[in-house]
Amino acid sequence: MRQFFVSELCEYETPKIVSIKSKCLGIANRLVQVTIIIYLIIWVFIVNHGYQYIDKAAISVTTTKVKGVSYTNSSDIRIGNRIWDMADLVVPPQESGALFITTNAIVTHNQTQGICTETEGIGANCSADSDCQPIGKPYHLSYGISEGTCNHTTGTCVVRAWCPIEDDSSPKNEENSTMKNIGDFTVFVNSHVHFPFYDKARSSLIEFIDKDYLHRCNYHPTDDPYCPVFRVGDIISLAEAPTEPISDSHFRKMAVKGGVITINIAWDCNFDYKESKCKPSYAFKRLDTFNGNSLASGYNFRHPIYFYESNRLTRHLVKAYGILFTVITDAQARRFNIITFLQNLGSGLALLGIASICCDLILLYCHRHKNYFKENKFQTVEQLQGLDMTTIRELLRQHMVSSQEEDKEDSLDQKDECEKSLN
Amino acid sequence: MRQFFVSELCEYETPKIVSIKSKCLGIANRLVQVTIIIYLIIWVFIVNHGYQYIDKAAISVTTTKVKGVSYTNSSDIRIGNRIWDMADLVVPPQESGALFITTNAIVTHNQTQGICTETEGIGANCSADSDCQPIGKPYHLSYGISEGTCNHTTGTCVVRAWCPIEDDSSPKNEENSTMKNIGDFTVFVNSHVHFPFYDKARSSLIEFIDKDYLHRCNYHPTDDPYCPVFRVGDIISLAEAPTEPISDSHFRKMAVKGGVITINIAWDCNFDYKESKCKPSYAFKRLDTFNGNSLASGYNFRHPIYFYESNRLTRHLVKAYGILFTVITDAQARRFNIITFLQNLGSGLALLGIASICCDLILLYCHRHKNYFKENKFQTVEQLQGLDMTTIRELLRQHMVSSQEEDKEDSLDQKDECEKSLN
Amino acid sequence: MRQFFVSELCEYETPKIVSIKSKCLGIANRLVQVTIIIYLIIWVFIVNHGYQYIDKAAISVTTTKVKGVSYTNSSDIRIGNRIWDMADLVVPPQESGALFITTNAIVTHNQTQGICTETEGIGANCSADSDCQPIGKPYHLSYGISEGTCNHTTGTCVVRAWCPIEDDSSPKNEENSTMKNIGDFTVFVNSHVHFPFYDKARSSLIEFIDKDYLHRCNYHPTDDPYCPVFRVGDIISLAEAPTEPISDSHFRKMAVKGGVITINIAWDCNFDYKESKCKPSYAFKRLDTFNGNSLASGYNFRHPIYFYESNRLTRHLVKAYGILFTVITDAQARRFNIITFLQNLGSGLALLGIASICCDLILLYCHRHKNYFKENKFQTVEQLQGLDMTTIRELLRQHMVSSQEEDKEDSLDQKDECEKSLN
């Protein structure tokens, strides 16, 4: 046994190489090899940082804060003439990773539980009671339970519901009916990231940002790319037309029916450099306009404001159109790592095998001297044939003996060698 | 130097191959190779699309919209006899990626701040003041601060709290006490996905869906798998028993105590085909019934409705049982990519090495002619021994000289070759 | 054709190996190989479970439930003297994956829409109307629309806003002004995970947890690491100073201005063992204190409480400071998978190639006998030269003929062989 290891340790096995003097093969071979090496260096190591361990398991939380005040000045009593500040416009007031700002609203005032007639155009029109659903059945698209009777003056069915029923037909001149100034509102987006693997944390408030700067600054993709304070109008413009100059026209269009915007915060931290070099980058995208499908576009929902009046639970029903900002953080941190490096190097070298495969194919099937090369590359070993088992056993015994002797011998002068080397 | 490159370019090195005529080895070798190739083709390339770059960094936002109206008709004044529409039932009214619908409620009316006695069964029972906690200490499980005295009529301690204190014992016949019709409510789930890498976007409203279809349609796993409008009762049934036919019995059971449901939207877009071929698939799962642990199952929370009455801040406390739908989007887009293809091919070919490894083991340790083969496979090169350094130096000098000459020579006729080839 | 396959099947090609008797090379070779094998076993297979398929596409939903009651007892009427229970403190009442608990508040009572003068220090100070913004312009940092006039008694501009305007200057002795007992509140965090690939689900309520235990227990990193009920004070302490003993001082500091905490739930399920062995582990981190930047630290937002008084919409504006808990679930499940195993093994073996590469470099460039070895490793095959094409054709024809004959022959005795083997 020990002898076996000694012999293993004291000999090195390397493939026998046939070196063929052939320009085309040589060049072909080097070309493929060089291509692979270039791919390795450029794609694997430079572009994809194959020498760095990438930690994608980042923990991130983003908080937002809106500043601004709006007002409406509309003859349409459904929105009326009043002040709206963010406490009125941001619903729900706190939402981690998202933010909804109302830009337009239809308020149905003083609803109480009672009996009233349906609005038109929801399939509740009638000329006789029989046209209405039986008592107790709901109207799927409206918010009332049928009373089973028909109101002949309005020509619609009678329901039990929150009355009066909402009239959400759009006002005449829409753009004027929306909340004012909201394009000028600012959103402070504070992205907190923590990389557990490297135990490092970053925040949108990178080193050079101080209180004054934060109050002054305003994000701009080129002029001020690290300011975490965003003008609502700018975000919409950048989301809708990233290449065009910023303009509020995009916002004004969107304000009427609302929309869905993602704010994408990318952190790509290279901890081979100073931490402070790791800065966020922001991208914006509108998601609710899928190949111009009007069904998908816009965003609205209803929320109630409850109160008591003359001892009855009463509510204002607000149908709020607005912009839903969703913040998506995409963070990764990387740093040189020897294991990652070797893994990529190893699998890269394995690829080099392809070079020989290609050239061997040329060598054996395409080259004009292929047979001549074959003879030199291959050494054919015939099966031991026409021998009866006795002879084979004989042969084998001899082999065994001789090889054992050889083993003994070389293990012997091996020992000499080793002893020598120790002196 | 130049000479070195020329010689490198004009020769090709390929391993010397010993080709052994042996059926068992040949077959073994091919078998392993074929297995590996089949694995490559089927598993790596067909099943896992090894020829496509997969972009998993999708940006997705899902918005939901509920339609329907419900009512209660209960003798239990805690829920009473009234209309509930989604403005009453959906709390909070807007939640990105999630949706809560109340299915059952316990309302404690007209709570005001004051002094009252604890309810039973929260460890606040007493027969003397000494049984109650000292003044100012909170009762962990209730919502009152101890006044340190015992009310002997009720046999419970006196606390400062929102009074009257909630009695959340379940009503007698539960199923009837829940909101009606909610199984028939519909949820419109609009999933927006954007793939930044390919700069393509998709939405639940795929090409063939128009306004009429959307108002008519109703998701069914086999009959109508692309309709983004879901009946609440159907979702619950599919989540609880995907294989059984759809029935509302599952919903009715769940409505009493609520539950947690995930709606899983899977986008697997193969952009080697038309974009319009990329459609979502939906799956549903109930998560709050972990090995029948009654502690985990159900879902409820409390929310207040504030108002003023006789100049005092008053509130209704609603303990809302209901269904929390969480939408999880799992999106990926893929398209043919030569680099990905080569990477997988390369590492696949590397695997082929295993074949030779196996067969060499047979060849060298198991085959009946192993020694005979060994002799042919291996060419043993003895260490230069029994030579004093002078002789070695001598030998080496000769080697160097000769080899240099050789180099010169072949580099010479190399040049001839090359020049020839240029004429 | 058939003949080709037969010959392919009945011969095995293996590289010719030159076995060099050299201690240094042998040892070098084995050393590198052993290193790579150790790396494979330890890093790839033991540390990174290279023999298991890892499913990271887990579906998880986390629900939370807060218990406790608080009160304030402050001379500052902005927070006053009252009871606060979780219905008052948790805003919004339901938020999937997040939870906000108010710890301090500034309430501006009975705001109505009207005309009033700005507060100081928001850049609305004036000595003449000209100092104020023109009518209709908003004050960016306040919540009012300028009326264009200056109130000389207060020395600030007049605005249309929700009046009175909030005074959010901090109260005198802050720590006393915060809500009491909140450090003692408990949060029940129920994490539900589902692994679609293995179709297995887990929940924080692992097997041994029953009702009694749940009511009794209290998470502690070492004493009780699986209890899903957390004391708020403990979480903050563990997040701020994981190594120090738990103390509420951290919470008391944070309560004044609030903060952002992540609760990280890690599920690492090894389904080669019993499911019940798969337990969650919890980690906590404060994210809002980025290198002591006071701008980033703390968390607050405003929410309104609407009501009607003397027929006017009135509101309490609550500026809520508090702790935002964000729950992040990081789940993976793994189980032995033969394909994964072979893939890692294959690419591991490919790495072994590096050993030969290193040693060949020594062999050919560093070893004192390098020329001697070169001669043995390489067999040079000169290009057929100085031959006119006729001779080459002649030669080739002969080769073809002979090789064809050879083929015939060995394919013949091949057949014999095969037939023999069949008898």
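Trainee: How many salt bridges are there between chain B and chain A?

Mentor: This is a predicted model, and in it the count between chain B and chain A is 3 salt bridges. One of the residue pairs joined by a salt bridge is Asp88(B) with Arg315(A), whose closest N and O atoms are 3.0 Å apart.

Trainee: What area do chain B and chain A bury between them?

Mentor: The size of an interface is often given as the accessible area lost when the parts come together. Here chain B and chain A bury about 7400 Å², with 60% of that area on carbon and sulfur atoms. Of the area that chain B buries against chain A, 12% is supplied by Tyr12(B), Lys16(B) and Gln94(B), more than by any other three residues. In terms of contacts, 81 residues of chain B meet 84 residues of chain A.

Trainee: Which rotation superposes chain A on chain C?

Mentor: Two copies of a chain are related by a rotation about an axis and a shift along it. For chain A on chain C, the rotation is 120 degrees, the shift along the axis is 0.0 Å and the RMSD is 0.1 Å. That is the relation of a three-fold axis. Chain B is likewise laid on chain A by a turn of 120 degrees and a shift of 0.0 Å, with an RMSD of 0.1 Å.

Trainee: Where is Ile41(A) placed in chain A?

Mentor: Ile41(A) lies in helix H2, which covers residues 23-47. This residue counts as partly exposed because its relative accessibility is 45%. Ile41(A) also belongs to a nonpolar surface patch of about 680 Å², whose members include Val34(A), Trp43(A) and Val47(A).

Note on methods. Residues numbered from 1 in each chain as written. Chains lettered and ligands numbered in written order. Predicted model: local features only at pLDDT ≥ 70, side-chain atom pairs only at ≥ 80, totals over all residues. Heavy atoms only, no water. Patch = residues over 30% accessible without salt bridge, like charges linked within 9 Å, V, L, I, M, F, W, Y side chains within 5 Å. Areas by Shrake-Rupley, 256 points an atom, 1.4 Å probe, with all protein chains shown as cover. Salt bridge = Lys/Arg side-chain N within 4 Å of Asp/Glu carboxyl O. Helix = DSSP H or I, 4+ residues; strand = E, 2+ residues; numbered from the N terminus. Buried < 20%, exposed > 50% of the residue type's maximum accessible area, 1.4 Å probe, protein only. Least-squares fit on C-alpha atoms with pLDDT ≥ 70 in both. Contact = heavy atoms within 4.5 Å. Buried area = accessible area lost by both parts, 1.4 Å probe.
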